[in-house]
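My notes follow the order in which I checked them.

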Amino acid sequence: MKKIFKTFSILIFSLSLLLNPYIFNQNNIYAEIDSTNFIEKAYLFGDYPLGSNSYYGTLLRKGDMNDDGYEDLITSNQNDATLGNRTGKIYIYFGGPDADYTADITITGEAAANAVGSYYGVSVGDLNNDNINDLIFNAWGNSEGGASAGKLYIFWGPLEVGNYSASSANVTHIGNTTTEKMYGYINKTNDLNNDGIDDLVLWIPTSVFTSTKIYIYYGKNDFNLDNPDIIINAPDATNLFGYAIYSEGDFDGDNYNDFIIYDNNSKKMFLYWGGDPLDITYDATFSPEDLNGSFGGVQSNQSAIFDLNQDGRDDFCTSAYTSDIPVTNAGTVYCWYGPENRSSWSGDLPAGDADIIVRSDEVNNSFGRYISFNDLNNDGNSEMLVGAYQSGKAAGQGHGKIYVYNNNAGILEIATPAFTLGYNSYDKEFGNIFIVFDFNYNGYLDLFVLEGPNRRESSLRVYELASGNSTITPNTFTYTNDTTPTLTGTVTNTSKTVSYEKVETLLGTGTGSQWDTVHSGYSPSIIKDGETYKMWYASQADKYRIGYATSPDGITWTKYNGNNCSGTTGDGCIFDVGIANSFDDAHIYGVSVVKDPDAGIYKMWYTGHDGSYLRIGYATSPDGITWTKYDDPGVAACGFTEAYDNGCVFNRAAANTWDDYHVGYPQVIRESATSYKMYYTGHDQTNWRAGYATSTDGITWTRAVGINYCSGTTGDGCIINMGASGESDDNGILSGPIINDNGVYKMWYSGHDGDKWQTFYATSNNGISFTKYSQN
């Protein structure tokens, strides 16, 4: 393989990564870096720092802990003092569109000095084969088995919101002071035997650090910690063997993860080829250039595994972040490409012969303290992020910096960083620890970065990362009343072009001063008449009126080629508001249309608004286009004089009843020539609920006598109440489309939770007593 070797001078480059506003539940948690000076302007993530000697944020993990399909953020503070100094605490923040900066779950150590949540001691994986992530963590200071014997805890997923004690774990194991000291201090999860179930890897010190061990517990349905399935003993002449463990890489492409284990004495890293069964004799070593360079294993994310050259085999990158080559504590990153055959990785592999070598020449930069691979510019190739947490120390300022190297279709461009992220404030050690994922699932990656001197008095900052210098270039834009407004164009950045297909609506708004320029298609009523779908809908410019459209397939709609609404322009309008001072002179909407096969006419019930109240009107039509409002000559209806009641057939109820303020949004079922059922919405000046009335002719309606299923209200006809407090329809409901499906009445209604409307479902065997769907 061709070897890539580059020494670079650290320069200031223009920032091509955009950092967009980051909103957590409208609390305006955001970050931005000045494109010239890299000045940090981000708010802190959460109400931290936690005070002096805080290790908050020194552990960063991700995983879906509540089984909702979104990855969550896991962090900790091993110095939490809830039960005394260094009790330790784990914090879990649920990810997803509603993500915020308040911990949804906390888990606190059982006693002082337990140190729950240490940097190496938390992992996520499905150990019991239920396809749900479990949480594994250690309390290395727990002394139930003797001084610092340690204790391991496993919480089966999914985890629910709450504050827990570590004592409530589903599985625990206590170490001892001789053969299993600080039990589980380092733990990792990976599927090692390729059976589709995660396995657990533990570092097990003993009373003598020259004889440490690695325990492997294979995942299974009845997972337990009784006896390890595999034990790897420390090779001769080692000390703190296993202080860093990398078990997530398949370097030779045989579908088994391989092991790389760090030894603190020789400063070497030992390679074990994966398999089933696992060979517990090491196969090769990686050795440092500089014995004092902190090669390979001082902290677990000092190395990273990723298929850099896209050959189907994982590659291995590590660092010597205090290497003195070429200057004091400058730091170097080394990468080896996964071999085509195992023989290429055998014996000793000197770091100086690595396939990729990237060096810093800044004194005390500590380049390589943290390494990560993430696709920041959405081009399908993951960039290499390298933390240099002591950057600026030579000038007396431990600012810290993250260097980002572009991956060009499998070739890492190491001559110069594509950009750098920094923090110009004393002793922040930016880049010491970080993690990248889309926390709030809005399409942008989020970068969580620990800040704080020597990981103390620490806190997290979060950046939302956009994908390069993005631009939007429309090619064509068409917006007319032909029902197919379209937009085509491209979204570009420095690495990728994305094309979006044409966007269409089923029923577009009008243009200019037409009758439907503001809203179109509100609360439609649709029937299939022969082979044609017919839709009556509300639209608005100044007032809501009723329009009409037809379709051969329910998808492509054509507005009525005409306008029956005086004083308006534009196709489609067929039913106008009433004359001034009538019950429907302000708006008409919320319609329900049926075709009477006996009379051969269309019947429409609609919501009329006089500017103050809603009532229900009725009209008929021979063709669905030309409508005549119902009128009973000489009879005044709905509280109006005879001259202004034209159309009104259902009025508000008597004072102090559940529907004394508004009645509207009718949904009518014609059961027979002499049986009509109407489901409507009522309002009492406080809340919306659903009601029921019957009629023999569709004109004279009677509320269900003696029926009221809405607790806390009076008056006939209320059949569906708001949900109980905390439910998603606890603030009001609107009646919705309803059908009689072979004797089962099925309604899709709208519910409001005080913030938004959503669709719900209920059923009834008699059309009166409804049961809400249990999964609403």
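**Entry 1**

Before going on I noted the ground rules. This is a predicted model, where local features need pLDDT of at least 70, side-chain atom pairs count only at pLDDT 80 or more, and totals for chains, interfaces and linings use all residues. Residues are numbered from 1 along each chain as its sequence is written, and side-chain values use heavy atoms, with hydrogens and water left out.

Strand labels are DSSP runs numbered from the N terminus (E, at least two residues; helices are H or I, at least four). I take two strands as paired if DSSP finds at least two bridges between them.

Strand E20 (residues 304-306) pairs with E21 in the antiparallel sense, over three bridges. I then looked at strand E22 (residues 332-336), which runs antiparallel to E21 and is joined to it by five bridges. Cys317 turns up again there, with Cys335 as its bridge partner in E22.

Next I asked: are the residues of E21 buried or exposed? Buried means under 20% relative accessible area, exposed over 50%, and partly exposed in between (1.4 Å probe, protein chains only). Asp315, Cys317 and Ser319 point one way from E21, Phe316, Thr318 and Ala320 point the other way, and all are buried. I recalled that side chains in a regular strand alternate between the two faces of the sheet. Six of the six residues of E21 (residues 315-320) are buried, so the strand is largely enclosed by the rest of the structure.

**Entry 2: a five-strand sheet**

I traced an open sheet of five strands, in the order E16-E17-E18-E19-E23, with mixed pairing. Strands E16 (245-249) and E23 (347-350) stand at the edges with a single partner strand each, so one side of each has no neighbour in the sheet. From one strand to the next the twist averages 25°. For such angles, axes are lines fitted to C-alpha atoms (for helices over the stretch in contact), and values run from 0 to 180 degrees between N-to-C directions.

I went through pairings one by one. E16 pairs with strand E17 (residues 258-262) in the antiparallel sense, over three bridges. There, Ile245 stands opposite Ile261 in E17. Strand E18 (residues 269-272) and E19 run antiparallel and are joined by three bridges. Met269 stands opposite Phe286 in E19.

Which sense holds for E19 and E23? They pair in the parallel sense, over four bridges. Ala284 has Gly347 as its bridge partner in E23.

I also checked the side chains of strand E19 (residues 284-287). Ala284 and Phe286 point one way, Thr285 and Ser287 the other, and all are buried.

**Entry 3: charged pairs**

I counted a salt bridge as a side-chain nitrogen of Lys or Arg within 4 Å of a carboxyl oxygen of Asp or Glu. The count comes to 26 salt bridges by this rule.

I picked out some of them. Lys188 and Glu248 meet through their side chains in a salt bridge (3.7 Å, N to O). Lys188 lies in strand E12 (residues 186-190) and Glu248 in strand E16, so the pair ties together parts that are 60 residues apart in sequence. Lys188 counts as buried at 17% relative accessibility, and Glu248 is partly exposed at 33%.

Lys89 forms a salt bridge with Asp80, with the closest N and O atoms 4.0 Å apart. Lys89 is buried, at 15% relative accessible area. Asp80 is buried too, at 10%.

Arg615 forms a salt bridge with Asp610, with 3.1 Å between the closest N and O atoms. Arg615 counts as buried at 5% relative accessibility. I also noted a network of salt bridges that links Asp596, Asp598, Lys603 and Arg670.

**Entry 4: Ser764**

Ser764 counts as buried, at 2% relative accessibility.

What does the side chain of Ser764 reach at 2.8 Å? It reaches the backbone oxygen of Ser769. A polar atom of the Ser764 side chain also lies 2.8 Å from the backbone nitrogen of Gly767.

I then listed contacts (heavy atoms within 4.5 Å). Leaving aside neighbours within four places in sequence, Ser764 is in contact with Gly743, Val744, Tyr745, Ser769 and Phe770.

Key: Polar contact = N/O pair within 3.5 Å; in protein donor to acceptor, adjacent residues only side chain to side chain.
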